[in-house]
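Dear colleague,

I am passing a structure on to you, with the sequence and coordinates shown just below. Please look through it before reading my notes on the side-chain contacts.

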Amino acid sequence: MLNVQICRGGTLPFKFNLSAQNFCGDNFLDSGKFIGDIKISGEIYNDGLKVVARGKIICRKIFNCDRCLTEATENQIIDFDEEINRADIIDETVDITELIRDTLIVSQPIQNLCKADCKGLCPVCGKNLNDGECNCNRFCVDPRLAPLLNFKSIEEV
């Protein structure tokens, strides 16, 4: 549990260094897993009206690229700024474990790419196009438009 102390009318810093394996486990994400340590730092702000947790999460993720299927790693820095529900505060402390887990999940990209310009795999032979081109003819005609190939242009008539 990541328990953080709250002060009345002020700001208190917090810092955690957790093992990704212990905090997340292997089945935390469908699209990869976190490795190494997860570093969490920030502050709890209390102005008497609301309590806010803000800070950053630094972690490392290992995954298979969605285009070329090669294994890749990515360093992530994720900022968070969340209001704490007063009902979650017990004895001037709050558990931010779920806040951190939810932030990690929501911050993941929809598509995991080894690099922004990943070329993916050849749909014919399966070669990784990041390693070089293949000699396959990848021209595919939409079957619904295939009859248009039989039309002759005005120059041909």
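Predicted model: local features only at pLDDT ≥ 70, side-chain atom pairs only at ≥ 80, totals over all residues.

The structure holds four salt bridges. In one of them the side chains of glutamate 43 and arginine 54 meet, with 3.5 Å from N to O; since glutamate 43 belongs to strand β3 (residues 33-46) and arginine 54 to strand β4 (residues 51-64), the pair ties together parts that are 11 residues apart in sequence. Arginine 54 also forms a salt bridge with aspartate 81, where the closest N and O atoms are 3.8 Å apart. Aspartate 81 lies in strand β5 (residues 71-84) and arginine 54 in strand β4, so this pair ties together parts that are 27 residues apart in sequence. Glutamate 43 is partly exposed, at a relative accessible area of 29%, and arginine 54 likewise counts as partly exposed at 29%.

Another salt bridge links aspartate 142 with arginine 144, the closest N and O atoms being 2.4 Å apart; aspartate 142 is partly exposed at 27% relative accessibility, whereas arginine 144 is exposed at 70%. Through shared partners, salt bridges join Glu43, Arg54 and Asp81 into one network.

Turning to the rings, the charged end of lysine 61 sits over the ring of phenylalanine 63, 5.5 Å from its centre, and arginine 101 lies over the face of phenylalanine 23, at 4.6 Å from the ring centre.

Finally, the structure holds one aromatic pair, formed by phenylalanine 14 and phenylalanine 16, which is tilted, with 6.1 Å centre to centre and 40° between the planes. Both phenylalanine 14 and phenylalanine 16 are buried.

Key
Residues numbered from 1 in each chain as written. Heavy atoms only, no water. Phe/Tyr/Trp six-rings, centres within 6.5 Å; stacked < 30°, edge-to-face > 60°. Buried < 20%, exposed > 50% of the residue type's maximum accessible area, 1.4 Å probe, protein only. Lys NZ or Arg CZ within 6 Å of the ring centre and 35° of its normal. Helix = DSSP H or I, 4+ residues; strand = E, 2+ residues; numbered from the N terminus.
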